[in-house]
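Colleague: Could you take a close look at one part of this model, the aromatic packing, and give me the cut-offs along with the description?

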Amino acid sequence: MGIKTKPVMLLKTDDRDQKWAETFAEIIPALEIRIWPNVGNPADINCALLWAPPPELFRDLKNLEVLFSIGAGVDSLLTCPTLPADIPVVRMVEPQLTAGMVEYCLFNVLRFHRLMHRFEEQQSRRYWEDLEQVPASEITVGVMGLGVLGQALSAQLCALNYQVVGYRRSQQDVEGVEVFYGEDGLQPFLSRSMILVLLMPATSGTQKLINANTLAMLPPDAFLINAGRGDLVDENALVAALDNHTLEAAALDVFETEPLPESSPIWNHPRILVTPHIGSVTFPPTACRYIAEAIVGYQHGAPWPNTVKTESGY
Ligand code: GLV
């Protein structure tokens, strides 16, 4: 019994299994749902919707045909030790996830550009000083990672008149964005990024890409927004860069260890805004519709959409 005749999906989500199951029941009633760890007969399961699967999850699921990632990032899935080789992994590409990420990044770009972090600090001291305000057209925002999320953010930044530079692994034009790519592009890209936004995936090639060396390539008094993955940043180097004023301030939504340990100096650093990985949260109604369309398409002979390329790891 395969997915073409009877789709049976295992859910191991972000603590919203019941909500996901109810939404699937409305949108694709033909789909049978099993919620981890109540797998029933593991041989029945032919698809799964997952977030941070426990290491043993795939051990008995011999008839899996496809995996759906709840998040835009697939790192927690790809590093699961029992993941079967060669199984298609479909990335989550849904409009609300994109909108949420654009909102999170725009909020922080505007907050830094309009010096709100400074005014918050001034208010805490009952101190009045009208710090100089600069037009958006004089601010260059660097978007690191120009996939679906990075391109959507870039379009909104352009609409607000920011200058936008972007960085990606290989060459590809993006409207309104000056694109840098590859190893040679990194230094010129960073040297232009007054506000650097990280939207890269966590792969072996991006680990601690933002470190003491690369932070030193940013213009003076730059800002960092990390909405990608904690692994992208060397946190000790980040704190050092803030303390020696290479960096002016940072907004971090993701961390090397999550939840951020109570002992981390990041918690009470005066120039870091910490949020608990809420940059964008997948929205079941639009996400279930995306998955339903993928399953029905596959049943009619279409390939799975937005699959992870194993060679790049995203
Ligand atoms: C969240 O971190 C995601 O990958 O969507």
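Modeller: Tryptophan 304 is buried, with a relative accessible area of 11%, and phenylalanine 68 is buried as well, at 1%, where buried means under 20% relative accessible area with a 1.4 Å probe and protein chains only. This is a predicted model, in which local features need pLDDT of at least 70 and side-chain atom pairs count only at pLDDT 80 or more, while totals for chains, interfaces and linings use all residues. Residues are numbered from 1 along each chain as its sequence is written, and side-chain values use heavy atoms, with hydrogens and water left out.

A search of the whole structure finds 6 aromatic pairs, a pair being two rings of Phe, Tyr or Trp (its six-membered ring) with centres within 6.5 Å, called stacked when the planes are under 30 degrees apart, edge-to-face when over 60, and tilted otherwise. One of them joins tryptophan 20 and phenylalanine 24, tilted, at 6.4 Å centre to centre and 35 degrees between the planes. Phenylalanine 68 and tryptophan 304 form an edge-to-face pair, with 5.7 Å between centres and 85 degrees between planes. That pair links distant parts of the chain, 236 residues apart, with phenylalanine 68 in strand β4 (residues 66-69) and tryptophan 304 in the segment after α9 (284-299); helices (H or I, at least four residues) and strands (E, at least two) are DSSP runs, numbered from the N terminus.

Phe68 and Trp304 form one aromatic cluster with Tyr298. Lysine 4 lies over the face of tyrosine 298, at 4.8 Å from the ring centre, the criterion being NZ of Lys or CZ of Arg within 6 Å of the ring centre and within 35 degrees of the ring normal.

Technical notes
Buried means under 20% relative accessible area, exposed over 50%, partly exposed in between (1.4 Å probe, protein chains only).
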